[in-house]
Amino acid sequence: MNTNITSAGPPAEGGNTFLVSLGRLAVSIFIPLAAFAVLWAGFIFLRDSNAPQTIIALVAIIWGVGGVALLFWVTDYVVNRMPVVVAKKIQPFVFVGPAIAILAWYLFIPTMRSLYLSFFGPQSTNFVGLRNYIYAFTDSRMLEAFRNNLLWIILGTGGAVGFGLIIALLADRAKGEKFFKSLIFMPMAISFVGAGVIWRFIYAYKPLGEAQIGILNAIVTLFGGEPQAWFTIRGLNNVFLIVILVWLQTGYAMVIISAALKGVPSAIIEAGRIDGASELRVIRSIIIPFIAGTLVTVSTTIIILSLKIFDIVFTMTNGNYGTEVIASMQYKQMFRFYDYGRGSAIAIVLVIAVIPVMWYNLRQFSKREGF
Amino acid sequence: MAGTHKQSRWTYLLVLILLVIVIIWSVPIFGLLVSSVRPRDQVMSTGWWRALDSEEGFTLDNYRQVLGGSDQTFVNASGETVRASGDNLTQAFINSLTVTIPSVIIPILIAAAAAFGFAWLEFPGRKFFFTLVVAILVVPLQIALIPILRDYQTLGLTGSYLGIWLAHTGFGLPLAIYLLYNYISTIPKDIFESAFLDGARPMVVFARLVLPLSVPAIASLAIFQFLWVWNDLLVALVFLGGTNDVAVLTQKLASMVGSRGQDWHLLTAGAFVTMVIPLGVFFSLQRYFVKGLMAGSVKG
């Protein structure tokens with residue numbers, strides 16, 4: 001880092017401190033200005049340029065990443081030009097300041113703003129009191145969304161954690177553990193949209209008599225059944241969507257649970273076996289209680305994920321045939337009906353739903369030492 | 001386990017059960033991959049599991065069409081020749097990279113600096129601000145969509161890369177700060193003390209000591225954030241909008257599902273294009289990814 005300003009400012013001459021500090025001042029103003037000029041030029045280029053996509057992308061990446069590094073460096077530079085007492089006070093905020101500012105803009109303040117907007121009409125101009133909340137808790141589509149989200153939470157979490165636990169227990173006792181786990185884990189890398197396409201193909205439907213190209217209907221017709229358009233079967237179609245989440249998240253549950261299993265002292269397990277307990281008994285009475293904390297953590301994570309589920313529903317059914325969920329309703333209020341009041345009220349409902357988890361996290365945190 | 005007869009039979013049974021589960025889990029991806037390299041009329045008329053029955057073999061035409069945007073002609077059911085326009089996922093692929101790379105690096109830089117500040121510098125409000133970070137960990141990002149969308153409309157940031165980088169930065173920061181704090185606060189104190197005694201400024205300590213020492217944690221976090229941003233649909237839909245020149249892969253794929261819901265030869269190829277990079281990252285860096293998961297199973 002460049003602290004040697006003599007290369008940029010006038011060299012210090014005996015006693016002529018006034019000129020020196022003037023030079024220092026000029027430099028410390030010039031450097032931030034130059035930095036901002038560079039960033040601004042990059043911004044204008046990115047906004048107006050007709051250069052090929054690849055070049056714009058490259059410039060955008062360099063500009064974005066370099067810009068952040070430059071900003072850190074420049075603020076640090078400026079702070080170090082200040083009197084030592086002031087600099088010491090400001091110094092920590094060079095580090096935490098940007099994060100706090102961004103969090104404030106993107107999460108803290110929006111929570112308040114959404115709460116405020118939720119009491120206003122579609123255009124946020126007229127006060128409507130609790131009407132948006134009355135809508136959120138009484139409208140038939142919203143009620144359907146709540147019911148479906150509950151289904152997502154129960155079946156999605158139950159399925160992923162259940163399968164994750166079973167597979168982790170099996171793999172723990174088998175050869176080739178790594179191979180099996182790696183394949184189960186693989187869907188974690190796939191987007192909800194990609195998984196949506198994969199499963200749409202599995203559920204694909206052709207009328208009776210034509211060759212089925214979806215594997216599910218092929219199996220059904222193989223056993224003499226009639227092919228089904230799975231997504232239009234009300235009620236059950238939610239389950240077909242939830243299967244996708246289970247497929248994606250089982251790997252996550254398995255990996256975490258599997259790590260917890262390695263932490264169960266083998267001496268206790270051996271003792272149980274020597275006492276003649278069956279393997280199932282050992283699992284139920286020794287292993288499960290031991291990893292209970294992990295099971296709770298994994299379940300919480302997947303519950304929160306199911307609560308916010310959006311992409312799968314959006315790409316697969318767009319909420320039709322009775323598959324609406326809370327997040328898809330919120331998106332529709334924003335972009336189809338342009339009702340910011342209702343959209344905000346639904347977002348607030350989502351936040352209220354995670355408050356217990358938030359409270360638990362805070363309690364765990366305040367127990368921690370060193371803070 | 002000791003290798004008695006009974007136990008080894010059990011082991012075979014276990015492996016068999018696991019094999020069945022793994023096959024069920026892999027079939028969806030395998031079917032996708034096979035279908036993406038089958039000729040159009042084959043995909044439409046027979047199941048992918050019968051791919052080897054046909055004599056037409058395999059083709060890369062589907063990929064040519066979704067990537068290159070090259071038009072394809074084919075004869076449809078009623079005997080007419082039809083031209084289908086391509087989808088040009090190449091552009092969306094570059095867009096995805098443009099969105100993702102800064103959306104991974106920027107939050108990690110800012111979070112590392114903040115984590116260092118919270119862990120090793122004294123300032124008023126330290127505990128208060130960090131408590132806020134912990135509280136916000138599980139808050140659904142839906143809460144921010146409307147207010148931030150309005151700000152972006154005022155600032156002219158909708159549909160801009162800068163806008164979506166900042167959004168991903170904002171939504172990724174809580175977890176990033178939390179994870180990096182957990183790591184950076186465990187760096188032995190002596191390392192800092194000797195550096196500060198030598199008169200090094202905090203920024204120098206951060207750049208020369210903290211960042212290099214935090215590489216394992218940063219790697220885990222980077223993979224996590226990478227998969228999250230690359231696979232994201234909602235944030236892109238809201239802040240990038242639907243215009244073609246900035247749309248990312250997930251948006252393109254979602255709109256393909258809408259416009260070509262039955263063109264399975266294209267949908268399967270398109271889906272595979274969106275999955276290539278995350279799967280590559282996943283298989284090459286799985287170890288770091290698992291570590292990141294372990295440390296951060298709390299994201300909101």
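Predicted model: local features only at pLDDT ≥ 70, side-chain atom pairs only at ≥ 80, totals over all residues.
We may start with the layout of chain A. The domain assignment divides chain A into domain 1, covering 5–117, and domain 2, covering 139–367. Taken over C-alpha atoms, the centres of these two domains of chain A lie 44 Å from each other. Contact between them involves four residues of domain 1 of chain A and six residues of domain 2 of chain A. On the domain 1 side of that contact, two residues are nonpolar, two are polar and none is charged.

Within chain A, one helix pair can be followed in some detail. Two packed helices are described by the angle between their axes and the distance between the axes. For helix α12 (residues 292–307) of chain A and helix α15 (residues 340–367) of chain A, the angle is about 175° and the axes are 11 Å apart. Because angles over 145 degrees count as roughly antiparallel, α12(A) and α15(A) are described as roughly antiparallel to each other. From α12(A), the residues T300(A), I304(A) and L307(A) take part, and they meet L350(A), A353(A), V354(A) and V357(A) of α15(A). Sorted by class, this contact of α12(A) with α15(A) comprises six nonpolar residues, one polar residue and no charged ones.

Two loop residues of chain A deserve a look for their backbone angles. Most residues other than glycine have a negative phi, and most peptide bonds are trans. S124(A), which is not a glycine, has a positive phi near 65°. This serine sits in the loop between α3 and α4 (131–138) of chain A. With 18 other C-beta atoms within 10 Å, S124(A) is partly exposed. N318(A), also not a glycine, has a positive phi of about 50°, and its place is the loop between α13 and α14 (326–335) of chain A. N318(A) has 16 other C-beta atoms within 10 Å and is therefore partly exposed.

The contact between the chains comes next. Chain A contributes 94 residues and chain B contributes 93 residues. On the side of chain A that touches chain B, helix α3 (residues 84–117) of chain A supplies the largest share, with 19 residues. By class, this side of chain A has 67 nonpolar, 20 polar and seven charged residues.

Turning to chain B, the model shows 14 helices and two strands. Of its 300 residues, 49% count as buried. Among contacts in chain B between residues at least 6 apart in sequence, 70% join residues that are at least 24 apart.

Two helices of chain B illustrate its buried parts. In helix α12 (residues 249–259) of chain B, eight of the eleven residues are buried, so this helix is largely enclosed by the rest of the structure. The buried residues of α12(B) are L249(B), T250(B), Q251(B), K252(B), L253(B), A254(B), M256(B) and V257(B). Their packing partners come from both chains: α7 (192–202) and α13 (311–316) of chain A, along with α4 (89–120), α10 (215–231), α11 (234–240) and α13 (264–284) of chain B. The other helix, α7 (residues 161–184) of chain B, is kinked by about 45° at L173(B), shortly before the proline P174(B). Since 22 of the 24 residues of α7(B) are buried, α7(B) too is largely enclosed by the rest of the structure.

L89(B) belongs to helix α4 of chain B and counts as buried, with 26 C-beta neighbours inside 10 Å. Apart from neighbours within four places in sequence, L89(B) is in contact with V66(B), L67(B), L249(B), K252(B), G270(B) and V273(B). Among these partners of L89(B) are L249(B) and K252(B), which are listed with the buried residues of α12(B). L89(B) and A247(B) are 158 residues apart in sequence, with their C-alpha atoms 9.7 Å apart in space. I24(B), by contrast, is exposed, with 11 other C-beta atoms within 10 Å. This isoleucine is found in helix α1 (residues 5–36) of chain B. Between the C-alpha atoms of I24(B) and Q286(B), which are 262 residues apart along the chain, the separation is 22 Å.

Conventions
Residues numbered from 1 in each chain as written. Chains lettered and ligands numbered in written order. Axes fitted to C-alpha atoms, helices over the stretch in contact; angles between N-to-C directions. Helix = DSSP H or I, 4+ residues; strand = E, 2+ residues; numbered from the N terminus. Parallel < 35°, antiparallel > 145°, perpendicular 65-115°, else oblique. Contact = placed C-beta atoms within 7 Å. Nonpolar A, V, L, I, M, F, W, Y, C, P; charged D, E, K, R; others polar. Domains from an automatic or database assignment. Buried ≥ 20, exposed ≤ 12 C-beta atoms within 10 Å, placed from the backbone. Bend = angle between axes of the 7 residues up to and from the residue.
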